[in-house]
Amino acid sequence: MTTRWLFGDQLGPHFADDHQGPLLMVESIGVLRRRRFHRAKAHLVLSAMRHRAAEAGERMTYVQADTYTEVVAQHQDAGDVEVLHPTSYAALGLVERLGVTVLPARGYATAREDFERWAEGRGSRRLLMEDFYRRARLAHGVLVDGGEPVGGRWNFDHDNRLPPPKGAETLGVTDPWWPTEDEIDAEVREDLDRWERDGTVRTIGSDGPRLFAATRAEALAALEHFVEHRLPEFGAYEDAILEGDPWMAHSLISASMNLGLLDPLEVVERAEQAYRSGAAPIASVEGFVRQVIGWRDYVWHTYWNQGDDYRHENALGARQRLPQWFAELDADATDARCLSHTLGRLSEHGWVHHIPRLMVLGSYALQRGWSPQQLTDWFHRAFVDGYDWVMVANVVGMSQHADGGVMMTKPYTSGGAYINKMSDHCGSCRFDPKVRVGDDACPFTAGYWWFLDRHRETFAGNHRMGRALQGLDRLKDLPLLVEQEERRGNRAPRVSDQTD
């Protein structure tokens with residue numbers, strides 16, 4: 001009889017509902033020993049895997065081992081082993097070396113073969129996410145009536161870029177749904193504690209109560225709670241940051257989808273029901289749908305379409321090592337409030353939403369010239385929803401512009417003015433977002449111009465960068481700025497560094 005081998009990110013019913021035979025799952029301690037993951041992520045993944053095994057009962061063989069190879073080989077001696085297409089090149093290479101039958105991937109709205117046909121049909125045209133997203137909406141009948149987008153527009157992004165309400169400490173929406181830990185969670189925590197004590201495993205970040213769903217039932221509860229209580233407020237403020245409101249109106253289900261506990265189509269169907277019933281506005285629902293079957297699927301397909309060498313792209317020649325203060329999530333290392341607060345939240349939760357990821361953490365790394373490969377690995381390990389396929393395209397392609405413009409036509413970085421507009425960080429920061437040189441100079445404002453100066457030749461032919469480069473030429477204090485930022489280099493931004 002054929003055994004279906006499930007990886008730890010293939011945990012939902014749609015990964016086994018067509019298979020009546022035995023199931024196999026391997027918990028490899030070697031994975032945790034080789035790399036330092038966030039403690040919250042290690043806990044979540046182990047908890048989710050063990051919960052899935054408990055639910056499957058005797059049908060599931062759950063093995064704790066050093067490597068996958070020894071366990072799978074034993075099962076191959078007893079019969080055929082099959083696996084659904086893994087989510088990384090490394091895992092795919094492993095199953096192919098083992099001679100395991102590989103079935104098509106699941107857990108994504110658009111099949112790989114469908115994306116490749118679309119990509120080939122584009123010819124020399126860029127593989128624009130917006131075009132892919134509209135095609136997916138039509139293919140799956142999501143938010144369309146008679147082949148046309150509901151609300152008369154495909155994209156409501158313009159309505160979804162509001163800064164946080166002035167003077168507000170929170171958005172005032174209902175808190176997210178939170179899970180209740182059980183004996184499996186206690187067992188996982190005891191194992192992690194023991195492994196860390198004996199030096200087998202090392203983690204980063206804090207160990208706190210589990211915040212993200214580890215079972216199918218929990219994931220469905222989190223989705224339903226989001227749609228009913230938080231989705232209506234999601235759109236307008238999805239790009240905003242409030243220090244007193246780490247969750248804003250975000251869904252917090254990315255980890256659930258990336259563990260395979262939720263299928264993206266059931267997620268968007270539930271969101272569409274809210275719009276059709278009048279419970280949520282079109283701008284919020286469309287913005288959420290775009291994240292789920294637009295951007296998420298697009299990142300997945302970009303990962304495979306661009307090939308395994310894509311992770312090594314480094315068009316801007318960024319080779320500085322990630323500094324220890326950043327890699328260790330040391331919130332106290334810097335006086336820059338946005339960096340300090342974001343690293344602190346990440347250390348505490350293993351999660352911050354997409355704007356702190358892109359416009360605080362990623363933007364700062366881009367300005368400093370940090371290695372995109374090291375940064376990709378760090379994002380993978382530091383976030384509860386981080387996986388190889390998630391972070392390669394998001395970091396190499398979008399955040400660090402290391403692919404030279406395959407995904408994005410211009411780099412995603414800014415001075416302090418953007419952070420000041422979209423957050424409440426700057427009001428309590430020692431640095432001034434309007435100042436670029438001197439004691440009060442904002443490291444993002446100074447870093448932005450330093451980045452442009454280093455790469456002005458690279459971006460000279462990019463029409464979207466023309467205005468920024470013109471602004472660079474008008475800076476009379478540019479030599480002082482460059483000297484200041486070169487002196488700081490990779491050190492955590494401190495007020496005292498400005499005049500050392």
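Tutor: A pocket is an open set of points on a 1 Å grid where a 1.4 Å probe fits, with protein on both sides within 12 Å along at least five of seven lines; its lining residues have an atom within 4 Å of a point. This is a predicted model: local features need pLDDT of at least 70, side-chain atom pairs count only at pLDDT 80 or more, and totals for chains, interfaces and linings use all residues. Residues are numbered from 1 along each chain, and side-chain values use heavy atoms, leaving out hydrogens and water.

Student: What volume does the second largest pocket have?

Tutor: Volume is the space filled by probe spheres set on the points, which are joined across faces, edges and corners. For the second largest pocket, the value is about 1000 Å³.

Student: Which residues lie closest to the centre of the second largest pocket?

Tutor: The lining has 38 residues. By class, 18 are nonpolar, 11 polar and 9 charged. Closest to the centre are Val31, Arg35, Phe37, Tyr68 and His380.

Student: Which element gives the most to that lining?

Tutor: Several elements supply at least two residues each, including β2 (23–28), α1 (29–34) and α16 (372–382). With 5 residues, the top contributor is α2.

Student: Is Ser347 buried or exposed?

Tutor: Ser347 sits in helix α14 (residues 337–349). Beyond its neighbours within four places in sequence, Ser347 is in contact (heavy atoms within 4.5 Å) with His38, Gly205, Ser206 and Leu329. Its relative accessible area is 15%. Under 20% counts as buried and over 50% as exposed, so Ser347 is buried.

Terms used
Helix = DSSP H or I, 4+ residues; strand = E, 2+ residues; numbered from the N terminus. Nonpolar A, V, L, I, M, F, W, Y, C, P; charged D, E, K, R; others polar. Buried < 20%, exposed > 50% of the residue type's maximum accessible area, 1.4 Å probe, protein only.
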